[in-house]
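The points follow the sequence and structure, which come next.

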Amino acid sequence: MVRPAAAAGGPTLAVIAREAGVSVPTASKVANGREDVAPETRRRVTEVLDRLGYVRRQRISAGRGPALIELVMRQLDSPWSGAVLHGVERAAREAGVSVLVSAAPAGGARGAGGEHGWLERLCARETSGMLFNLAGLSEGQYSRLRQHGIPFVMIDPVRQPPPWVPSVGATNWQGGVSATEHLIGLGHRRIAVIGGFPREQSSTARVAGHRSAMAAAGLPVPPGYVGWGEFSEEGGRREMERMLALPDPPTAVFSCSDEMGLGVCRALAGHGLRVPEEVSLVAFDDLPQARWATPALTTVRQPLAEMAGTALRLLLRMVAGDRPEGVRTELSTRLVVRDSTAPPGGRA
């Protein structure tokens, strides 16, 4: 497989587009062999590609060698990452493609060498496309990927990407609704929620689902009943400690991640409160620790492996020249009822 000359110091698609007097997406279509370009435009862009020495990125087609996809992850040693890796590996095996896995630099998406240094090194590799399982990229990095003409898909980005960026995620809002409706159905009325980060799309959508379910049931969300635990066990513990100090503490909690849910359990145990006899708990994700906890956590299952496999199949269609029908694909969540929820009981 050959890589674009832009990755080795040659012209980027932005330069090609400017020289040919077209948009970057149009230049990308011609460079990648797409058919949906007017003949005269194709001729003009092709002349510029040849004159400036741009080497076209190989497309997947019959008779060509297998594609190489790069999966870039925020970390490699967590149950979350394991589920994503499993989904990508299974889909790649079925499609007959190879996957290169790498971790984002410790400094986050910017990495060493400035905003674009880390990304330029990725673009210089001989890959057909990229999957990103990161919180998100900067606006400049999204633009650089577009200029290079590299197909890419985001897997469950935490921060909202630009509207043209394809991504695969879960029905976070509906998951928040189902978690809270379950607690309401058990008879709870004082229900708190602990979100991850207050400005991140998955977190705010889950909290919004909780609020919607409470409003639909005619129940208030009292002051202090919404917390933010940074998707960490310590954050969940801290917010639960704060809520237990309220004049009327909640009898049930919706934690927007399993990890924060474990922190909630720690805080309750420290106060001698039992789950679910005195406080019920619903979490979110359905990672292995949700099943291993004592009691096993009722949680909203997020189909991580399926999301990752869907992202890979979408990326392969893009590499082959297809345009995604929509930029955001959402897979359904599902409530998994275990041992951490019950009707409200007595409180010491």
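1. Which residues of strand 8 (residues 252-255) point one way, and which point the other way? A252 and F254 point one way from this strand, whereas V253 and S255 point the other way, and all are buried, buried meaning under 20% relative accessible area, exposed over 50% and partly exposed in between, with a 1.4 Å probe and protein chains only. In a regular strand the side chains alternate between the two faces of the sheet. Helices (H or I, at least four residues) and strands (E, at least two) are DSSP runs, numbered from the N terminus.

2. A word on the source of these values. This is a predicted model, in which local features need pLDDT of at least 70 and side-chain atom pairs count only at pLDDT 80 or more, while totals for chains, interfaces and linings use all residues. Residues are numbered from 1 along each chain as its sequence is written, and side-chain values use heavy atoms, with hydrogens and water left out.

3. Next come the partners of strand 8. Strand 6 (residues 191-195) pairs with strand 8 in the parallel sense over 4 bridges, where two strands pair if DSSP finds at least two bridges between them; here A192 stands opposite V253 in strand 8. Strand 8 also pairs in the parallel sense with strand 9 (residues 280-285), over 3 bridges, and F254 stands opposite V282 in strand 9. From strand 8 the chain crosses through helix 10 (residues 258-270) to strand 9, and this β-α-β crossover is right-handed, which means that, with the strands pointing away from the viewer, the path from the first strand over the helix to the second runs clockwise.

4. Two cis peptide bonds deserve a look. One joins V275 and P276, with omega about 10 degrees, and P276 has its place in the loop between helix 10 and strand 9. Another joins T294 and P295, with omega about 0 degrees, and P295 lies in the loop between helix 11 (288-292) and strand 10 (298-301).

5. Positive phi values are the last topic. D156 has a positive phi of about 45 degrees although it is not a glycine, and D156 is found in the loop between strand 4 (152-155) and strand 5 (167-170). Is D156 buried or exposed? D156 counts as buried because its relative accessibility is 4%. E230, likewise not a glycine, has a positive phi of about 55 degrees and is found in the loop between strand 7 (226-228) and helix 9 (233-244). The relative accessibility of E230 is 33%, so E230 counts as partly exposed.
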